[in-house]
Amino acid sequence: MTITSDLHEDAVLVVTGPPQWAGELELPEPAGPEATLLTMNRQGDTVAFSGKVEYGQSIRSGFTLAIADELDVPLASVQLILGDTDLVPYDRATLGSQSTMTVGIQLRRAAATARRALIALAAERWAVDATSLSTSEGHIFPAGEPSQRVSYADLLQGQNLRLLIPEEMTIKDAEDFVFMGKNLPRIDALARVTGQAKYSQDIVVDGMLHGKVLRPPSYGASPQQIDTAGSERVPGFVMVVRDGDFVGVLCEREDASEQALDAIRVRWRENLDLPSDSDFPGILKETAGEMVILREEGSLAEEFAKADHVLDGSYFIPYIANAPMEPSAAVASWEDGKLTVWSGDRSPFGVRDQLARDLDMREDQVRVIAPEIGGSFGTKGTVSVAYEAALLSKAAGRPVRVVHSRAEEFMWGTVRPATLIEIRSGFQADGKIVAWECTAYHTGDLAIRGQRGADTPYNTPTVRIAVADCKSPLKSGSYRSLGCAGNHFAREVHIDEIAASLHMDPVEFRLMNLTHPRLRRVLSQTADRFDWDSRRTESSSGIGVAIGYDAGSYVAECVELVVQRKVVRVQRVVAGIDCGMVVNPEGVRNQVEGSIIMGMGTALREEVEFDAGRLLNPVFSRYRVPRINDAPQIEVVLAGDPTTPSTGAGEPGIVPIAAAIDNAVYNTTEARIRDLPIVPRLP
Amino acid sequence: MQLLVNGETYEVDVDGETTLLAVLRHDLGLTGSKYGCGEGDCGACTVLLDGRATNSCITPVDSAAGQAITTIEGLANGNDLHPVQEAFIEHTAFQCAFCTPGFIMSLVALFGRNPRPDDRQIRGALTGNICRCGTYVRILQAAKAAAERLGRRGGE
């Protein structure tokens with residue numbers, strides 16, 4: 001594995017600035033100190049730097065298109081360095097569908113800064129006004145006279161420009177884009193279809209050993225007696241590393257390390273008093289911490305008393321496994337007191353800082369590089385596999401690779417929090433909502449996880465939204481649209497229940513109670529594309545709708561499905577998304593389609609089963625993620641206005657889907673299922 | 001033991017019980033086939049044995065000896081991609097792409113025995129492959145496009 005050496009060495013143009021920018025919007029975190037964001041060399045080739053990582057969301061393509069457009073250079077002349085802590089500006093993590101909004105736009109501003117400086121050089125050379133010059137494909141020319149062009153490379157001879165992004169730096173309007181907004185192949189496509197893309201499990205370092213770590217059979221189990229004699233007889237065995245309860249084996253081959261691990265004899269003491277999934281949902285309320293009130297307006301008691309109707313609903317969402325196709329893996333290598341770790345984590349800097357703390361080193365003594373990442377969806381934000389590789393490598397004095405098994409990924413990765421949501425609504429006979437009380441219980445350490453998307457976008461004069469965290473029997477972690485998807489499931493099913501109780505059309509009912517212009521528009525456009533009015537009356541299938549908001553974007557989804565005995569077959573989904581200006585339409589469509597498929601799994605069959613500290617279904621044959629036979633026809637409607645800023649696209653598509661499916665199941669079976677997953681609960 | 005991989009003969013010195021996946025990845029350095037589950041549940045390790053799609057993670061290497069083994073690395077002819085690879089690029093039939101080699105190999109096996117599969121047959125050939133990013137809609141589009149291209153070639 002070679003590491004790209006000093007990329008700044010032959011740079012003759014360097015643009016610096018804070019790594020993030022959000023204009024008049026509020027940044028979700030501090031912008032960060034000024035850092036090198038973009039360089040050009042004498043040949044006019046561009047290198048740009050970002051702490052974000054690529055885990056399938058196509059950020060490498062999105063950033064490259066944006067930079068090439070702002071600079072007016074060919075795509076092939078732009079190289080993007082992502083997620084290498086020695087080379088890129090600090091970034092906390094790739095999450096929350098924030099990358100395009102905050103980092104992508106700053107890279108555009110960096111590129112625009114470079115382009116402006118190049119134009120100024122040409123204006124000086126020709127003694128003309130800069131505004132009379134145009135740029136295209138790495139060249140500058142007087143407007144309307146492209147034959148008199150000069151290349152960026154020519155202009156940069158003998159230069160050494162150091163530029164800071166000016167506060168007022170402007171970027172191009174959508175009509176001036178060459179690459180953005182077009183349907184282009186992903187720039188990393190070739191490596192991905194030829195097997196050349198390198199993930200953590202593919203990284204090889206000279207002299208590398210393969211490590212495996214001893215895991216308890218259940219949560220909370222501790223080893224009483226460990227006998228590693230059997231491991232030593234495995235061909236290719238190198239050593240056992242013990243540090244308290246941490247036991248690792250190292251072998252020359254990966255398959256040998258698996259055998260050596262299996263050969264360890266352990267007597268475990270297990271904790272059989274741990275909760276089981278059958279304790280849900282009661283255990284959530286019993287262990288609830290402090291209630292955080294997100295919004296409270298008006299007197300609920302008065303409105304409930306006056307309302308024509310009051311409806312109560314209780315909704316439950318079980319634990320969901322992220323289950324990315326790539327199990328966690330890391331390679332660690334020590335050289336002259338410096339630790340280099342390759343690990344497909346969504347927070348390379350988080351891993352670096354944690355490793356430095358755990359190993360009592362300075363941060364600059366640790367370099368973390370994220371190779372290609374085979375899916376995250378919120379997991380791979382934990383340090384364990386990198387730490388295991390580092391510890392084993394230090395003990396062995398040789399580089400070490402650790403690849404988690406699928407069972408380890410299921411059992412020791414994190415799960416989406418389980419959630420109980422209680423909603424009481426008051427409404428009038430004409431369909432007007434007058435009171436809304438929502439109390440949500442999300443497992444995990446921070447109620448903040450459950451706050452996302454908990455508030456109702458529907459008009460109501462009185463409202464109370466409260467969220468509590470509660471004890472989590474399993475390790476809760478992040479997930480696509482964390483908290484938000486569960487909150488939307490409860491709200492959008494409840495809204496459907498109100499509409500059904502009044503015999504009102506669910507789309508019409510929603511529009512009647514909504515004034516938010518972007519939500520109204522995305523719902524109307526989606527329903528139109530779906531042909532809602534005629535499908536609702538003519539189709540013998542189940543028809544359902546739900547809407548939502550997340551990451552600054554607005555979504556609506558309409559679903560058509562059939563239920564045959566214990567099978568739900570989703571036939572067609574129309575999804576509308578308003579994520580403002582779209583950089584990469586194929587990228588947005590791909591993300592929304594993927595969000596729908598993933599959300600179908602949470603709606604229909606996925607559920608982490610556990611009993612007294614043991615995971616009961618840590619295999620794909622028993623943890624049923626969507627397969628190709630489950631895939632419906634999906635149409636994505638891009639409903640955003642190109643003049644509004646770009647907002648998140650990787651997550652919002654998952655927000656309405658479970659409710660839309662649930663509502664469609666009700667539409668065809670008249671069974672109202674309030675606990676997920678749906679399939680085991682079909683009548 | 002001798003193995004015929006992507007048209008080349010390799011001599012490997014491993015226990016016959018070693019999985020084909022381990023030999024491909026470790027001994028031959030062909031890392032395009034992925035470890036996803038180790039139990040034949042996910043299809044990320046799919047390779048061809050005499051043209052049949054096979055989960056290499058549960059195949060002992062000695063049972064593959066004597067058969068023609070094809071991995072994702074052996075599909076393209078120089079810079080000429082296989083029509084399935086081309087179709088995957090054109091339809092962006094991937095996100096993280098960890099599962100992509102397995103899906104492509106399963107489709108190549110299908111087209112080998114049935115050059116004009118219908119939608120149901122395509123889905124049937126891919127039920128053993130999981131894409132957690134959920135790009136199934138695109139994979140189906142790419143498969144249909146590749147089928148059309150291969151059908152045209154066959155008719156020439």
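Predicted model: local features only at pLDDT ≥ 70, side-chain atom pairs only at ≥ 80, totals over all residues.
1. Residues are numbered from 1 along each chain as its sequence is written, and chains are lettered from A and ligands numbered from 1 in the order in which they are written. The open sheet has 5 strands in the order E4-E3-E2-E1-E8 (chain A), with mixed pairing. Two strands pair if DSSP finds at least two bridges between them; helices (H or I, at least four residues) and strands (E, at least two) are DSSP runs, numbered from the N terminus.

2. The edges of this sheet are strand E4 (78-82) and strand E8 (161-164) of chain A; each has a single partner strand, so one side of each lacks a neighbour in the sheet. On average, and with direction ignored, neighbouring strands are turned by 20° against each other. Axes are lines fitted to C-alpha atoms, for helices over the stretch in contact, and angles run from 0 to 180 degrees between N-to-C directions.

3. Within the sheet, strand E2 (residues 35-41) and strand E3 (residues 46-50) of chain A run antiparallel and are joined by 3 bridges. Leu38(A) has Ala48(A) in E3(A) as its bridge partner.

4. Two helices belong with this sheet. Helix H1 (residues 59-71) of chain A packs on it, touching E3 and E4 of chain A, and its direction makes about 135° with that of E4(A). Helix H2 (residues 99-126) of chain A lies across strand E1 (11-17), E2, E3 and E8 of chain A and runs at about 45° to E2(A). Residues are in contact if their C-beta atoms, placed from the backbone, lie within 7 Å.

5. Helix H17 (residues 585-604) and helix H18 (residues 657-669) of chain A pack at an angle of about 55°, with axes 8 Å apart. H17(A) and H18(A) are therefore oblique to each other; angles under 35 degrees count as roughly parallel, over 145 as roughly antiparallel, 65 to 115 as roughly perpendicular and the rest as oblique. In H17(A), Ile596(A), Gly599(A), Met600(A), Thr602(A) and Ala603(A) meet Ile657(A), Ala658(A), Ile661(A) and Asp662(A) of H18(A). By class, this contact has 6 nonpolar, 2 polar and 1 charged residues. Ala, Val, Leu, Ile, Met, Phe, Trp, Tyr, Cys and Pro count as nonpolar, Asp, Glu, Lys and Arg as charged, and the others, Gly among them, as polar.

6. Between the chains, 46 residues of chain A are in contact with 45 residues of chain B. H17(A) gives the most to the side of chain A that touches chain B, with 7 residues. That side divides into 22 nonpolar, 13 polar and 11 charged residues.

7. Some backbone points deserve a look. Most residues other than glycine have a negative phi, and most peptide bonds are trans. The bond from Phe280(A) to Pro281(A) is cis, with omega near -5°, and Pro281(A) lies in the loop between strand E13 (265-269) and helix H7 (282-286) of chain A. Another cis peptide bond joins Leu676(A) and Pro677(A), with omega about -5°.

8. Ala323(A) has a positive phi, near 45°, and is buried, with 26 other C-beta atoms within 10 Å. Asp336(A) has a positive phi, near 50°, and is exposed, with 5 other C-beta atoms within 10 Å. A residue is buried if 20 or more other C-beta atoms lie within 10 Å of its own, exposed if 12 or fewer, and partly exposed in between, with C-beta atoms placed from the backbone.
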